[in-house]
Amino acid sequence: MIRAVFVSALLLAAATGSALADPDVAKGETVFKKCMACHAIGPDAKVKVGPPLNGIVGAKWAHFEGYAYSQDIKDGAAAGKVWDEATLDNYITNPKVLAPKGKMAFAGVKNDDERKDLIAFLAQFNADGSKK
């Protein structure tokens, strides 16, 4: 019975395309509009309320020189934490989970597909803002 329910759920997910969809960079660019008030990305990205997000996927925490990170993020950097896709997904879902005293005043992106698309969009940028 449990197996039948599981298989049915997988088939439904496949039919709707939601659970098994590949990340869509173009959709991620649209999701990034939620971030643009505080963050920039690309060759001309500058510090806003938050640091530029160039090269964020795979970067060490607090990697952008000259930005005044919160103590939570600095502590993560000292512990050797990296912004891998799983960590970014967790952080973007609810920033206060990973950095309870962090500066990021953002409720998060609750939709799984939107987060995957956003991370795929971010992942295409090198640290200098050029695209991979």
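1. D89, D112 and R115 form a network of salt bridges. The criterion is a side-chain nitrogen of Lys or Arg within 4 Å of a carboxyl oxygen of Asp or Glu. This is a predicted model: local features need pLDDT of at least 70, side-chain atom pairs count only at pLDDT 80 or more, and totals for chains, interfaces and linings use all residues. Residues are numbered from 1 along each chain as its sequence is written, and side-chain values use heavy atoms, with hydrogens and water left out.

2. D89 and R115 meet at 2.7 Å, N to O. D89 sits in helix α4 (residues 85-93) and R115 in helix α6, so this bridge ties together parts 26 residues apart in sequence. Helices are DSSP runs (H or I, at least four residues), numbered from the N terminus. D112 and R115 have their closest N and O atoms 2.5 Å apart. Both lie in α6, 3 residues apart, about one turn of the helix.

3. D89 is partly exposed at 24%, and D112 is partly exposed at 46%. Buried means under 20% relative accessible area, exposed over 50%, and partly exposed in between (1.4 Å probe, protein chains only).

4. The salt-bridge count is 3. K34 and E114 form one of them, with the closest N and O atoms 2.8 Å apart. K34 is in the loop between α2 and α3 (71-78), and E114 is in α6, 80 residues away. Both ends are partly exposed: K34 at 44%, E114 at 27%.

5. Helix α2 (residues 25-32) buries G28, V31 and F32. They span an arc of only 100° around the axis, which puts them on the same side of α2. The arc is taken from the directions from the helix axis to the C-beta atoms. The face turned away from the buried side carries the exposed A26 and K27. The cover over the buried residues includes α6 (112-123), with contact meaning heavy atoms within 4.5 Å.

6. There are 5 aromatic pairs. Rings of Phe, Tyr and Trp (its six-membered ring) pair if their centres lie within 6.5 Å; planes under 30 degrees apart count as stacked, over 60 as edge-to-face, the rest as tilted. F32 and F121 have centres 5.4 Å apart and planes at 45°, so the pair is tilted. F32 belongs to α2 and F121 to α6, 89 residues apart. Both are buried. Ring pairs link F32, F121 and F125 into a cluster.

How values were computed. Helices (H or I, at least four residues) and strands (E, at least two) are DSSP runs, numbered from the N terminus.
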